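Dear colleague,

I am handing over the structure we spoke about, and I would be grateful if you could look through it with the notes that follow at your side.

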Amino acid sequence: AGIGAALDFGNIQKFTTAAILDGAHVTARGAVNVDALSVEAIHSYQAAVGGSIGVGVAGTTADYYTHPVTTNTTASVGSCTSSTGCTTGATVNAGSLGLDANDNLTLGIITGELSAGAAALGAGTLEVQVNGATNAYIGALSDITTNSGGVTVNSTYTDNLSGTAVAGTGGAVAGDAAYASI
C-alpha cells in the first residue's frame, strides 16, 4: 500500500494599532496624522501522493477555519468608544487631524492529492475563515481643535482570497476521489 498525506493548519492573529491615548495632550502647528497600516500576504501550497501496485491512498487538508485568520487594525484618538465608564479622552490642538486605518489581506491556498494503484482513494479539503475589524475613530470625551485643515477619519479593509482543493485517483480495479473547498 502507498500512503501520502499533507496537512496545513494556520493560526494567524495580527493586531495593529496607532493611537493617541486617553490623557494625552498633543499640540502641533501642522498636521497630526494617526495611521495604522496592516498588510498580510499568506500563501500556502500542499500536495500528497500515494501510489502502489496494491492500494494507493492520499489526502490533503488546509484548515484555516478551526484557527481562523484574524486581523484587527485600529487608528484612534482616545480609546473609549462610548462615554459609559470613560473618565477622560485625548486632547489634540493642531492644524489638521487625520486618522487612517487600512488593512490589506491576501490569502492564497492550494491543496491537492494524487493516488494510484490497483485500488485508489483520495481526498482534498480546504476550509478558510477570516475574522477581524478595521476601525478609525475619535474616542468619547476627546477634545479636538483644528486651525484650518479640519478632521478626516478613514477606515479601509481590502481582501483578495483564493483557494483551490483538488483530488485525483487512478485505479486498475477502483478509484475514488473527493474534494471540498469551503
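To begin with the pairing of strands, β4 and β6 run parallel and are joined by 21 bridges; please keep in mind throughout that this is a predicted model. Within that pairing, N33 has G98 in β6 as its bridge partner. Strand β5 also pairs with β6 in the parallel sense, over 19 bridges, and here V69 stands opposite V130 of β6. A further parallel pairing links β6 to strand β3, which covers residues 25–27, and it is made over three bridges; V26 is found opposite V92 in β6.

The nonpolar cores come next. The largest of them has 14 residues, and those with the most contacts inside it are I20, V34, A75, V77, V92, L97 and L99. Four strands, namely β2 (13–20), β4, β5 (55–77) and β6, each supply at least two residues of this core, and β6 gives the most to it, with six residues.

V34 lies in strand β4, which spans residues 31–51, and it counts as buried because its relative accessible area of 5% is under the 20% cut-off. Leaving aside neighbours within four places in sequence, V34 is in contact with A18, A19 and I20, with A75, S76 and V77, and with G98, L99 and D100. The C-alpha atoms of V34 and G23, which are 11 residues apart along the chain, are separated by 16 Å. L97, again without counting residues up to four places away in sequence, touches V32, V77, V92, I138, I144, T146, G150, V151 and T152.

Finally, there is S96, which is placed in strand β6, residues 91–138. Is S96 buried or exposed? With a relative accessibility of 17%, S96 falls under the 20% cut-off and therefore counts as buried. Its contacts, once residues up to four places away in sequence are set aside, are with G30, A31 and V32 and with T146, G149 and G150; of these, V32 and T146 are also touched by L97.

With kind regards

How values were computed:
Residues numbered from 1 in each chain as written. Predicted model: local features only at pLDDT ≥ 70, side-chain atom pairs only at ≥ 80, totals over all residues. Heavy atoms only, no water. Buried < 20%, exposed > 50% of the residue type's maximum accessible area, 1.4 Å probe, protein only. Contact = heavy atoms within 4.5 Å. Core = buried A, V, L, I, M, F, W, Y, C linked by side-chain atoms within 4.5 Å. Pairing = 2+ DSSP bridges.
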